[in-house]
Structures are given as structure tokens and as C-alpha cells.
Amino acid sequence: MRTKASNPAMTPVNGVFALDDPAKGEGTLQRFGGSKSDLFNNTLIRQVLETVWVTSPTNERRDELIASNLAALHGINPRDEVEGMLGAQMVACHNAAMECYRRAMIPDQSFEGRKENLTQANKLTRSYTTLMDALGRHRGKGQQKVTVEHVHVHAGGQAIVGTVEGGGVANGNQRQPHAKRIEAVAHAPVAPLRSQDPERAPVCVAGDAERAVSHARGSVARRPER
């Protein structure tokens, strides 16, 4: 393929197409197709409009369908050719799905016909969701955001506060450079308990040391036996 400064000529010369470099195009329709080449953008728009099922022969209805599909492409706002093709497929898939739904609602048709239209519409809506996910992954370039909730830190453990980037399992010698670590408090200070006597002497909290336990039984007056 060779490039020329003039407009693209679609007639091959000696078996070679003479085309302009798409990267040097003005891209006046880039918002619709994502490319700097308006040849690509125009082709994509034409492909989308050819998927529209025009049920009304009036020019007003035709112009309305054209404007609405162009608005859909414009709203997707593709940033490159890949996003432009995905966006065009999404619009075409939506048009086909809505046509199947419309046909399923035609009165006095067989049960099998209505069922088939609804089945195809269901498949098309699933395809639409797949295309939408693919567009999102392409725009995100594979980046993933993980939200962790309900973190439980046990005694002697550590928790990471902040954003941790990267993947895999880090060994003991590797540390996250941008992460803030906080150590869990194994033994938090506890205020001493007060006894009920007037002096309000503090009562020691039970710990790991062994202590003598006072005898809890005292003399109890018994009833006289009859």
C-alpha cells in the first residue's frame, strides 16, 4: 500500500490501492468512528445505517432513524478505530434486538414465531452486553480496581492501608513502596476495674501469670433440723 497527498483513489493502479495515511487525516467525523481517517468514519457510519430496519417509507421517519443512530455513535465517543468498530456493532446489535422484539409483538402470529423472535432478541441483548464489556476493558487497558471490605486483623498481624498496585504474591523481603502499614496492637491497655468497697481499690485484670485463688466458700448458717 502506498500513500499519496491527494484524495484516496479506490481504483487500484497495477494492483495497488493509493490511499492517504489515516494518521494524517483531519478526522472531522472522528467523534463517530474514532479514526482520524474520515474514509473509515464514513464507512462505519454507512454500515451502521444499513442495519436500520425502516418500516415507514416517509422521508421524515428515515431522517429520524439516521439522526438517532448517529447520536448513538456520537454518544459512545470512540477514541480509536477499535472503539469505533465496537460502538458500531453495539448500535447494530441494538437495532436488530429491537426489531426482534417488535416482531414478537405482532398480533395473530404463531406461538413458535413469537418464541423464535424473543429467543433471538435475548441472544442479541447478551451480545450487546458482551460488546459493552469489551469496550470497557479496552478503554481500561486491563486495569482492575479491587475494593476490600471487612478486614480483620488478628493479634500479631499487619494491615495495609492505602492503594496497593501490582499483582502476584510478594515474599517476605518485598514491600509495597506506596503502602502504609500499621501494626495491630496485640495487648491494648485496659483501664483497671474498681471494686465496690469505699476505698475503690483497683482490681487486677486476669493475665497470664499464675495467682493464688482465695477460698470462695464461707460459713453458712444452716437451718435447724426438725
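Residues are classed as buried under 20% relative accessible area, as exposed over 50% and as partly exposed in between, with a 1.4 Å probe and protein chains only. The model is predicted, so that local features need pLDDT of at least 70 and side-chain atom pairs count only at pLDDT 80 or more, whereas totals for chains, interfaces and linings use all residues. Residues are numbered from 1 along each chain as its sequence is written, and side-chain values use heavy atoms, with hydrogens and water left out.

Helices are DSSP runs (H or I, at least four residues) numbered from the N terminus. Helix α5 comprises 30 residues, 111-140, and spans 44 Å from its first C-alpha to its last, close to the expected 44 Å; the expected span is 1.5 Å times one less than the number of residues. Buried in α5 are Asn117, Ala121, Leu131, Leu135 and His138. Their cover includes α3 and α4, contact being defined by heavy atoms within 4.5 Å.

Helix α2 (residues 38-49) has 12 residues and reaches 16 Å, close to the expected 16 Å. Its buried residues are Asp38, Asn41, Leu44, Ile45 and Val48. These residues lie on the same side of α2 because they cover an arc of only 120° around the axis, taken from the directions from the helix axis to the C-beta atoms. The cover of this set includes α1 (30-33), α3 (59-76) and α4 (81-104).

Within helix α4, Asn95 is buried at a relative accessible area of 17%. Beyond residues up to four places away in sequence, Asn95 touches Val48, Thr51, Val52 and Asn69.

How values were computed: Helix = DSSP H or I, 4+ residues; strand = E, 2+ residues; numbered from the N terminus.
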